[in-house]
Amino acid sequence: MTKIPGATTALRFVVAVGLLAAAEPTYAQCPLSFASASNYAVGSFPRSVAVGDFNADGRPDLAIANFSSNNVSILLGIAPPNAGTFQPAVNYAVGTNPGSVAVADFNADGRPDLAVANRFSNNVSVLLGNANGTFQPAINYAVSGGPVSVAPGDFNADGRPDLAVANQFNNNVSILLRNIDGTFQPAVSYAVGSLPQLVAVGDFNADGRPDLAVANANSGNVSILLGNANGTFQAAVNYAAGISPRSLAVGNFNGDGRPDLAVPDYGSNTVSILMGNANGTFQAAVNYAVGSFPSSVTVGDFNADSRPDLAVANNISSNVSVLRGNANGTFQAAVNYAAGDGPYSVAVGDFNADGKPDLASVNNNSTNVSILLNTNTGFPPPGITQQPASQLVLAGQIAAIAVTADGFGNTLTYQWRKNGIAIANGGTISGADSPTLTFTPARLSDVASYDVLVTGSAACGVGPQLTTSATGILAVTGTNPCPADFNIDGELNPDDLADFIGAFFAGCG
């Protein structure tokens, strides 16, 4: 049998990567998923929830301020295999109509304590924590009229957490500086907007001192009070934020290292995003639709793409809206998850210890707290939808092998292999790291089995994911793939392999 100069037959894989409708430049928006809510009974008309490890077992617990029963419910987290569930509530008395609870170590004993704002007794209750998850009786500190929100922060840089309290009736914020023994000094108050609802702490002008942001329901704005070194604050500067803002959260939404604000607007069913400037000022609000009568917002990376997302409790529509964040500080459309009746406050914690942030939402009409466990598993591995088919080409012709793969939103990379060994670009071969491997032209030395390793990028909380194509054979032959003297049943010499492969795939008999 005559040996003929070669030509390459190429296996064709053509890759089509499917992207979701709201795709970003590098990969589709990472998926989002929460399980149906599990509900746990608490006190009457719960208004606020905070997360802390109260019994030092490494599992997050819950503290819930109950407005009508004048107490705080503590729900301790249960160990695996029942992680993500909670023990029945244990209640501790506080002041009249508590509407907000916060966690901090006020007496420096290494155990989390509680601070509770009591709306109609005009005080803040501090409950010091014991080692076993129980709490000591409340100690009360007077503030201004109608305290509705409390937030800890070290305002005078002495290493001890102080308290900021938003007072609804007197349109101000009270600052209580902490003493070395864990008690607090008398309140000093600063004017803010009309009917303040929530106070949050952040360093808005990057001077290393904590500042305050206050959501004002009646004046439709947010008051920013920049902190001084001695625990005092500058006069409030106000920024428009909807019609009736009831809450706010601080986060760096556009990755510039400056804190931004998310402010739910109870009056327009939106959440306003105010991007922070370097000097502590804020840009005009950009609004995103959420559920009905949003009353609380929190920040977390719920789809594991390293970008902050938002969770918003919607009081009337009885659900929680989750808005996935983009790299530039904008947000995707809300995805809603059912909670109990009347969600009023929402908080983040990894309740089942799987490394993913879950949600706790207190429901003021159903006297319970809803736990929504994060069930996001990221994208599945890449899948090859068209495998290579063995082919015959003539020597000297251009040949191409291509693969069709579906990346499910991931960025895909490719590595072609010849007889199991990785190929590099060079000479007559190109596209070794692309969907299509090209021979310009094909040569006898290209006769081999080829496959490709397809890798999905690390994204959505999972590492690189691999898949391998099926093997196909590239056959190279001369200008006549079926020589007259060739018969597949005839006698073959050991050095006639290339002609045999070429003739076989050409259908010669």
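How many aromatic pairs does the count come to by the rule used here? The count is 18 aromatic pairs. Rings of Phe, Tyr and Trp (its six-membered ring) pair if their centres lie within 6.5 Å; planes under 30 degrees apart are stacked, over 60 edge-to-face, and the rest tilted.

Before you select anything, know that this is a predicted model, in which local features need pLDDT of at least 70, side-chain atom pairs count only at pLDDT 80 or more, and totals for chains, interfaces and linings use all residues. Residues are numbered from 1 along each chain as its sequence is written, and side-chain values use heavy atoms, with hydrogens and water left out.

**Stop 1: ring pairs**

Select Tyr40 and Phe86. They form an edge-to-face aromatic pair, 5.7 Å centre to centre, with 80° between the planes. Follow the chain between them: Tyr40 is in strand β1 (residues 38–41), and Phe86 is in the loop between β4 (71–75) and β5 (90–93). The two residues are 46 residues apart, so the pair links distant parts of the chain. Strands here are DSSP runs (E, at least two residues), numbered from the N terminus. Tyr40 and Phe86 are both buried. Buried means under 20% relative accessible area, exposed over 50%, and partly exposed in between (1.4 Å probe, protein chains only).

Now select Tyr190 and Phe233. This aromatic pair is edge-to-face, at 5.7 Å centre to centre and 75° between the planes. Tyr190 belongs to strand β13 (residues 188–191), while Phe233 sits in the loop between β16 (221–225) and β17 (237–240), 43 residues apart. Tyr190 is buried at 16% relative accessible area. Phe233 is buried at 7%.

Then pick Phe34, Phe302 and Tyr337. Ring pairs link these residues into a cluster.

**Stop 2: charges over rings**

Which ring does Arg47 lie over? Arg47 lies over the face of Phe67, 4.8 Å from the ring centre. A charge sits over a ring if NZ of Lys or CZ of Arg is within 6 Å of the ring centre and within 35 degrees of the ring normal. Move on to Arg246. Its charged end sits over the ring of Tyr266, 4.0 Å from the centre.

**Stop 3: salt bridges**

The count comes to 7 salt bridges. The rule asks for a side-chain nitrogen of Lys or Arg within 4 Å of a carboxyl oxygen of Asp or Glu.

Select Arg111 and Asp109. Their side chains meet in a salt bridge, 3.9 Å from N to O. Arg111 is partly exposed at 34% relative accessible area. Asp109 is partly exposed at 31%.

Next, show Arg209 and Asp207. The closest N and O atoms of this salt bridge are 3.8 Å apart. Arg209 is partly exposed at 34% relative accessible area, and Asp207 is partly exposed at 31%.

Go to Asp451 and Arg417. Their salt bridge has its closest N and O atoms 3.1 Å apart. Asp451 lies in strand β37 (residues 448–456) and Arg417 in strand β33 (residues 412–418), so the pair ties together parts 34 residues apart in sequence. Asp451 is buried, with 10% relative accessible area. Arg417 is partly exposed at 21%.

**Stop 4: the largest nonpolar core**

Select Trp416, Ile423, Leu437, Phe439, Tyr450 and Val454. These have the most contacts inside the largest nonpolar core, which has 20 residues. β31 (399–402), β33, β36 (436–439) and β37 each supply at least two residues of this core. β37 gives the most, with 4 residues. A nonpolar core is a set of buried Ala, Val, Leu, Ile, Met, Phe, Trp, Tyr and Cys residues joined through side-chain atoms within 4.5 Å.

**Stop 5: an open sheet**

Switch to cartoon. Four strands form an open antiparallel sheet in the order β1-β28-β27-β26. Two strands pair if DSSP finds at least two bridges between them. β1 and β26 (343–349) are the edge strands, each pairing on one side only. Zoom in on β26 and strand β27 (residues 358–363). They pair in the antiparallel sense over 6 bridges. Pick Ser345: its bridge partner in β27 is Val362.

**Stop 6: Asp113**

Where does Asp113 lie? Asp113 is in strand β7 (residues 113–118). Asp113 is buried, at 0% relative accessibility. Asp113 and Ala102 are 11 residues apart in sequence and 8.4 Å apart in space, C-alpha to C-alpha.
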